[in-house]
Amino acid sequence: MTSSLSTEAPPTSTPALEVAGLTVTFPGAREVVALQDVDLQVRVGEFVAVVGPSGCGKSTLLRVLAGLTPAGARVSGRTTVGPATAWMPQRDGLLPWRRALPNALVGARIAGQDRATADARARELFDEFGLTGFERAWTHELSGGMRQRLALLRTCLPGRPVLLLDEPFGALDAITRRRMNAWLAGVDLAGHGRAVVLVTHDVDEALLLADRVVVLSDRPGRVVLDLRVPRDGTDGARRSLLEALDPEGTS
Ligand SMILES: Nc1ncnc2c1ncn2[C@@H]1O[C@H](COP(=O)(O)OP(=O)(O)OP(=O)(O)O)[C@@H](O)[C@H]1O
């Protein structure tokens, strides 16, 4: 599917972001090593999902990739975040005192985009994101799925070449989440020179959306599997991911 989510396309061999030997520690009375010796490279045009058990450091990794080192954290290793990143945190962060369209424009305006250009582009994306007709809706008038699409639209609008998505559909019920995934699979987020990193608990979501899936171990999170998703059937890949997530076979 051709998407209008285009950005300037750098060469596809270019790593969009890379971390090597990344270790993140939260000091304190109960020191927590969140990530240990993590290597990850994401190329331009790639869609990579990061899965792992709760508390293994997925959000911490995304924050570091976004250049938002968590306050108080000790970070070591090499981090190369190439082009500017757009980060969608777990909570949608929509402003209840603004209607849908002005909410969508927040990031683009902060990024310095001209109002008329951002407005025209937002209206195109409202169509692509199935939100046409809701430009003047208040956020409380939108369903959970619509709110998440609006938050994702706002993240995409500034046209940054790296998208970092932290459980974008995590708060939705199972049916809405499946619908959102089916919709997102048809939106070529990683096309046109974008790189996407998606954090999720959901192996099926990862297999549906990503080109590669990276599995982190229990805390401290280390990469235990880095798997390219085959396009000719994902049963074997699914088994490998589930084994990597639960090596003891406890669940
Ligand atoms: N600002 C912070 N100060 C202290 N500890 C923190 C901070 N942020 C995260 N942690 C700790 O780091 C570890 C990893 O947290 P993180 O939120 O990255 O995990 P996660 O894999 O995203 O979890 P979940 O899947 O439940 O959202 C956890 O033990 C958490 O308590």
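Ala190 touches Gly45, Glu46, Phe47, Ala195 and Val196, residues up to four places away in sequence being left out; contact here requires C-beta atoms, placed from the backbone, within 7 Å of each other. The structure is a predicted model, in which local features need pLDDT of at least 70, side-chain atom pairs count only at pLDDT 80 or more, and totals for chains, interfaces and linings use all residues. Residue numbers start from 1 along each chain as its sequence is written.

Ala190 is placed in the loop between α5 and β7, where helices (H or I, at least four residues) and strands (E, at least two) are DSSP runs numbered from the N terminus. With 24 C-beta neighbours inside 10 Å, Ala190 counts as buried. A residue is termed buried if 20 or more other C-beta atoms lie within 10 Å of its own, exposed if 12 or fewer, and partly exposed in between, with C-beta atoms placed from the backbone.

At the boundary, 14 residues of domain 1 are in contact with 10 residues of domain 2. On the side of domain 1 that touches domain 2, helix α5 (residues 174–185) provides the largest share, with 4 residues. That side of domain 1 comprises 9 nonpolar, 4 polar and 1 charged residues. In this classification Ala, Val, Leu, Ile, Met, Phe, Trp, Tyr, Cys and Pro count as nonpolar, Asp, Glu, Lys and Arg as charged, and the others, Gly among them, as polar.

An open sheet of 6 strands shows mixed pairing, in the order β5-β6-β7-β3-β8-β9; two strands are taken to pair if DSSP finds at least two bridges between them. β5 (85–88) and β9 stand at the edges with a single partner strand each, so one side of each has no neighbour in the sheet. Neighbouring strands of this sheet are turned against each other by 15° on average, direction ignored. Axes are lines fitted to C-alpha atoms, for helices over the stretch in contact, and angles run from 0 to 180 degrees between N-to-C directions.

Helix α4 (residues 144–156) lies across β5 and β6 and runs at about 165° to β5. β6 is also joined to β7 by 5 bridges, and these two strands run parallel. Strand β3 (residues 47–51) likewise runs parallel to β7, with 5 bridges between them. Val197 in β7 is the bridge partner of Leu164 and also of Val48.

Strand β7 (residues 195–200) is mostly covered, 6 of its 6 residues being buried. In a regular strand the side chains alternate between the two faces of the sheet. In β7, Ala195, Val197 and Val199 point one way and Val196, Leu198 and Thr200 the other way, and all are buried.

Most residues other than glycine have a negative phi, and most peptide bonds are trans. Asp37, in strand β2, has a positive phi near 55° and is partly exposed, with 14 other C-beta atoms within 10 Å. Glu167, in the loop between β6 (162–166) and α5, likewise has a positive phi, near 45°. Glu167 is buried, with 21 other C-beta atoms within 10 Å. A cis peptide bond with omega of about -5° joins Arg219 and Pro220. Pro220 is located in the loop between β8 (212–216) and β9 (223–228).

Around the ligand there are 14 residues, of which Phe26, Ser54, Lys58, Ser59 and Thr60 come nearest; a residue is near a molecule or strand if its C-beta atom, placed from the backbone, lies within 6 Å of it. β2 (32–43) and α1 (58–65) each supply at least two residues of this shell. The largest share, 3 residues, comes from α1. By class, the shell contains 5 nonpolar, 7 polar and 2 charged residues.

How values were computed. Contact = placed C-beta atoms within 7 Å.
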